[in-house]
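Trainee: Could you take me through one part of this model in detail? I'd like a close look at the place where the chains meet.

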Amino acid sequence: MHIVVCVKQVPDSREIRIDPNTNTLVRQGVPAIVNYYDLHGLEEALRFKDEMGAEVTVVSMGPPSADKALKQCISMGADRAVLVSDRAFAGADTLATSYVVGMTVKKVAEEFGPVDVVFCGKQTLDGDTGQVGPGVACRLDYEQLTYVEKVVELSDKDKTITVHRHLEDGIEVVKTKLPVVVTVLTELNKPRRASLPGVINASRFKPVVWTTNDFADIDRAKIGLKGSPTIVSKTWVPEPRKIDTKMLEGDNVAVVASELIEQLWSTELPTRLGW
Amino acid sequence: MVEGGITVAEEQNVNQKAAEPKGASRVQPVPEQDFSDYLGIMVVVEQRAGVAKKVSWQLLGEAKRMATKINAPVYALVMGHNVRHLAEEAIRRGADKVYMSDSPVLEKYRTRPYSRVSLDVIRTFKPEIVLMGATYTGRDLAGAIATHLPTGLTADCTQLDVDENRLLQASRPAFSEKMLATILCKQYKPQMATARPGVFLELPADASRSGEIIDVPSPMREEEVVTEVLDFLEQTDRINLEDHEIIVAGGKGLGSPDGFKLLQELADALGGVVGASRAVVDLKWIDHDHQVGQTGSTVRSKLYFAIGISGAVQHVVGMQNSDVIVAINRDPDAPIFKVAHYGIVGDLYEIVPAIIKAVKEKRALPFATNSSAANASVAASIQS
Ligand SMILES: Cc1cc2nc3c(=O)[nH]c(=O)nc-3n(C[C@H](O)[C@H](O)[C@H](O)COP(=O)(O)OP(=O)(O)OC[C@H]3O[C@@H](n4cnc5c(N)ncnc54)[C@H](O)[C@@H]3O)c2cc1C
Ligand SMILES: Nc1ncnc2c1ncn2[C@@H]1O[C@H](COP(=O)(O)O)[C@@H](O)[C@H]1O
């Protein structure tokens with residue numbers, strides 16, 4: 001069993017602030033982290049490494065500095081990590097990203113053995129689309145199972161996988177054939193800390209780095225900015241909605257409460273709610 | 001290209017990126033295909049077991065609004081098994097033409113058969129815009145379709161518009177909801193977007209509307225589909241906030257998980273459901289499905305109570321479009337009051353019981369004074 005985990009190094013967007021005076025982004029001191037959903041994908045892959053001896057390859061498309069993210073994955077127990085990095089990849093939207101990540105998984109399969117499962121995160125903190133996972137599945141012509149909160153069974157013998165998909169109102173139990181792209185939720189597991197042998201491996205770790213030249217049949221029209229159909233035309237900080245707040249005051253809560261109810265009942269609300 | 005002080009060059013990390021330095025002309029992809037005959041706005045209707053997701057009708061309402069601006073037809077795509085009633089409903093909700101694929105293969109959602117039908121319909125009938133709900137299923141399908149076509153796809157939009165050049169202005173939150181970004185797809189068609197449930201307004205069903213239903217065969221046979229849906233475990237405690245008109249939400253001000261019992265009582269008295277801030281979800285006082293806000297649900301309820309919730313921007317973005325907002329907070333300076341229509345400063349443990357009492361008295365009244373059939377049915381629904 002060979003499992004590929006797709007990870008992205010992202011700025012921790014939770015830490016990005018807006019300067020209220022200039023309405024610009026304050027990025028100083030915003031740490032770069034491994035997108036946290038992806039760590040849950042890695043943890044699941046490592047579980048199958050522990051349980052059935054699966055081989056785990058991590059891949060990431062990003063700048064050279066993303067090797068830190070890969071190092072972290074190695075320290076947790078991944079067997080190898082590939083960084084796809086080239087200036088020509090810059091500015092990629094989800095369509096161009098899935099093209100390159102798909103090509104990378106194909107090449108990983110050729111060089112290191114056929115791939116059975118690809119784990120992606122549910123979404124990234126910065127891109128926040130959840131589109132790359134399904135995109136990669138299309139590029140590879142693999143089956144796709146998204147929003148997975150539990151892997152019930154992964155069978156090497158039958159080459160099947162059964163999962164729980166999280167939906168708005170319940171859980172769908174789905175089974176499919178390998179190879180498959182699985183996108184994962186945080187409910188799946190709790191990512192482990194680095195192990196001692198992992199840390200030692202990580203200390204001498206150098207990622208395999210592939211550039212466009214390493215992909216014989218890459219279509220340069222499909223990568224980076226050129227391969228990205230979408231474009232950001234503008235960004236803005238939304239104005240808060242202006243509302244005339246009616247404050248209800250008084251020492252007697254019963255009076256305040258009935259005043260609220262009278263107010264609510266004097267609006268269209270009861271009609272609209274069918275009360 | 002400077003908007004609100006942000007240059008496009010800074011946008012490297014927004015979903016769809018524009019990484020070129022300021023002033024440089026952008027290298028846009030040049031598709032080989034001619035898209036000039038793409039016309040109309042299509043909404044992909046999502047359903048399970050013959051019941052449509054509300055977001056589908058909300059998107060049809062929004063599609064109709066945009067279509068009127070550019071004088072374009074509105075299409076719906078309905079897929080499933082025994083779903084003619086949904087095709088008819090789509091017409092009442094604003095569609096001029098419905099493409100319907102009704103087949104046992106489509107009984108349960110699976111990516112491949114659904115995307116094959118969608119691709120056939122899109123390639124044959126060429127809508128210029130395709131919209132889907134940003135639900136789990138909608139995002140699963142949209143990602144597959146857009147890659148196959150290929151075209152640009154903007155995720156999770158909260159504002160949509162179309163300009164005089166028929167360009168879809170798809171706006172979505174960026175940087176953890178701190179900003180909004182408008183994304184365009186200039187060179188490819190259709191322009192695709194998924195949009196959040198609860199953001200747009202559905203049109204009332206209009207039985208006088210007429211439209212055409214076009215049957216589309218499913219290109220896949222069951223033997224060709226390798227994915228099987230074995231079971232659906234309905235979670236009755238997993239609620240879908242977007243489906244509810246009255247939400248009574250509580251935050252850390254409740255002080256303990258027990259506080260939700262009180263809120264449940266108020267919710268029951270009003271006929272609503274309980275929502276929550278992230279702080280209490282993180283504390284495991286209540287399940288994530290109840291969370292409202294940036295990383296939870298976006299709701300557009302008719303009545304929203306924010307009780308013991310401070311009103312952090314990440315919470316507010318998920319509830320500010322509710323029709324009537326009532327905030328109860330001990331702190332008179334709590335930001336939640338800025339978005340509330342009615343505010344009460346004080347201890348929730350004194351105020352909420354008083355409100356429950358007042359609601360019960362008020363709602364009990366009509367039945368004592370009026371015995372019409374309509375009220376009798378309301379009474380029945382309250383008792384159940
Ligand atoms: C990336 C990111 C995503 C996030 N997503 C979300 C999201 O989706 N939804 C969300 O809600 N938050 C989200 N947050 C968290 C958000 O920033 C706030 O931390 C959170 O909303 C605060 O919850 P709260 O109002 O319940 O708690 P607090 O901020 O602690 O507020 C409690 C309030 O209760 C009041 N209070 C206390 N006791 C009483 C009493 N007895 N009677 C009346 N009032 C009382 C206090 O005055 C206070 O205003 C997110 C944060 C980040 C960084
Ligand atoms: N540059 C990248 N390199 C490797 N994997 C990626 C990259 N971008 C996205 N992914 C994967 O796709 C998932 C969804 O990303 P997104 O569509 O950007 O929300 C992430 O959680 C990753 O697993």
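Mentor: Start with the side chains of A:Glu168 and B:Lys53, which meet in a salt bridge at 3.5 Å, N to O; the term covers a side-chain nitrogen of Lys or Arg within 4 Å of a carboxyl oxygen of Asp or Glu. Between chain A and chain B the count is 7 salt bridges. Keep in mind that this is a predicted model, where local features need pLDDT of at least 70 and side-chain atom pairs count only at pLDDT 80 or more, while totals for chains, interfaces and linings use all residues. Side-chain values use heavy atoms, with hydrogens and water left out.

Now widen the view: 88 residues of chain A are in contact (heavy atoms within 4.5 Å) with 101 residues of chain B. Together the two chains bury about 8800 Å², 59% of it on carbon and sulfur atoms; buried area is the accessible area, taken with a 1.4 Å probe, that two parts lose on being put together, summed over both. In chain A, A:Glu168 turns up again: with A:Ile231 and A:Trp236, A:Glu168 is among the residues that lose the most area to chain B, the three together giving 9% of what that side buries.

Strands also link the chains. Strand E11 (residues 170-177) of chain A and strand E15 (residues 228-234) of chain B run antiparallel, joined by 6 bridges; strands here are DSSP runs of at least two residues, numbered from the N terminus, and two of them pair if DSSP finds at least two bridges between them. Within that pairing, A:Glu172 has B:Phe232 as its bridge partner.

Note on methods:
Residues numbered from 1 in each chain as written. Chains lettered and ligands numbered in written order. Helix = DSSP H or I, 4+ residues; strand = E, 2+ residues; numbered from the N terminus.
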